Amino acid sequence: MRFVRKGLKTGLISWLLFLIVWQLVAMNSNPDYFPTPIQTLQGAVELFTDNSLISYVLISFKRVVLGWLLGSLLGIPAGLLIGRFRWLRELVEPYLNFFRFIPALAFITLFILWFGIGEQSKVILIMYATLFIVVLNTAAGVVNVEDDKIRSARSLGASERQILIHVIIPAVVPAFFNGVRLAMGNSFMAIVGAEMIAANEGVGYLIWTSRLYSKTDWIFVGLLLLGLMGFAGDQLLRWMGKTTLGRYGIAKETRFGK
C-alpha cells in the first residue's frame, strides 16, 4: 500500500496507466494513424539525431517565455491599478470583457500584417493571450482584499504606498500566481497556432508539416513535447508560488498548487 500511495503521489501510476491505455488503443488501430509508444519514441530519436528536436523545443520555449513574461509584466501592474481604483475598473471593464472573449488565434493574420512574419508577431500574440488572464486575476485579488485590513493599516498611519506594498500585494500573491499559471496554458495554445501558420521552426511547425509526410509519430512527439514543456513550466511556477506564499506567511491560507 505504501508503494501504491507513493506511486499515486508522484504520478508514476498515472503515467503507467496512460502508457498502457495508449499501447492497447494503438494495438487495435492503424499504425499509420495511431502509433504505439515505441514507434513514437523511434520518431523522437529520428528527430533528435538530425538536431531538429532540441532546436524546435528551444525556439518554441523561447517564444512562449518572452510573450508570457511581457504579458505578465504588463498585466500585474495593470491589474493592481484596476483593482485598486474603482473609477478605473469601471472605465476599462467593458474593454476587458469584450477583448478577453476574442481568442489570440483570431489575431494571427492581423498581427502578421502589422508586425511582420518574424518573431515579433509571435511574441506579441502570446503576450495578448497572457495579458487578460493576468489582469483579471490580479484585479480580482485586489478587489477581494478585506477592507478591515486596509482600514487598520490606514488607522495606524500607513500611506497608500505602504498599504499597497505591505497589505494589498501580499494578499494578492495567490491570485497572481494562479493567473500566470493559467496564462502559460494560453501561451502554449497561441504559439502552436502561430507556428502552424507563420513559421518554419518550432514544435507547432513540426506538428503541422508532419502531415505532409504522413508521419503521425512525429505529430505525437510534438504533442508530447508541448505537454512536457507546459508541465515543466507549471511545476516551476507552482514551486515559486509555494515559496513566495511561505515567505509572506500565508501558505496555510490558500490551496495553491493542491
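Aspartate 217 counts as buried because its relative accessibility is 11% (buried means under 20% relative accessible area, with a 1.4 Å probe and protein chains only). The model is predicted, so local features need pLDDT of at least 70 and side-chain atom pairs count only at pLDDT 80 or more, while totals for chains, interfaces and linings use all residues. Residues are numbered from 1 along each chain as its sequence is written, and side-chain values use heavy atoms, leaving out hydrogens and water.

Aspartate 217 sits in helix H11 (residues 216-248); helices are DSSP runs (H or I, at least four residues) numbered from the N terminus. Beyond residues up to four places away in sequence, aspartate 217 touches Pro35, Gln39, Thr40, Gly43 and Glu46. Contact means heavy atoms within 4.5 Å.

Now to the nonpolar cores. Such a core is a set of buried Ala, Val, Leu, Ile, Met, Phe, Trp, Tyr and Cys residues joined through side-chain atoms within 4.5 Å. The largest has 45 residues, and Ile82, Leu125, Val203 and Leu226 touch the most other members. Several helices each supply at least two residues, among them H4, H10 and H11. H7 gives the largest share, eleven residues. Leucine 125, leaving aside neighbours within four places in sequence, is in contact with Ala104, Phe107, Ile108, Phe111, Ala190 and Ala194. A second, separate core of nine residues includes Val142, Ile150, Ile168 and Val172.

The axes of H4 (residues 52-84) and H10 (residues 203-210) come within 7 Å and cross at roughly 125 degrees. Tyr56, Val57 and Ser60 of H4 meet Val203, Gly204, Tyr205 and Leu206 of H10.

Methods
Axes are lines fitted to C-alpha atoms, for helices over the stretch in contact, and angles run from 0 to 180 degrees between N-to-C directions. Buried means under 20% relative accessible area, exposed over 50%, partly exposed in between (1.4 Å probe, protein chains only).
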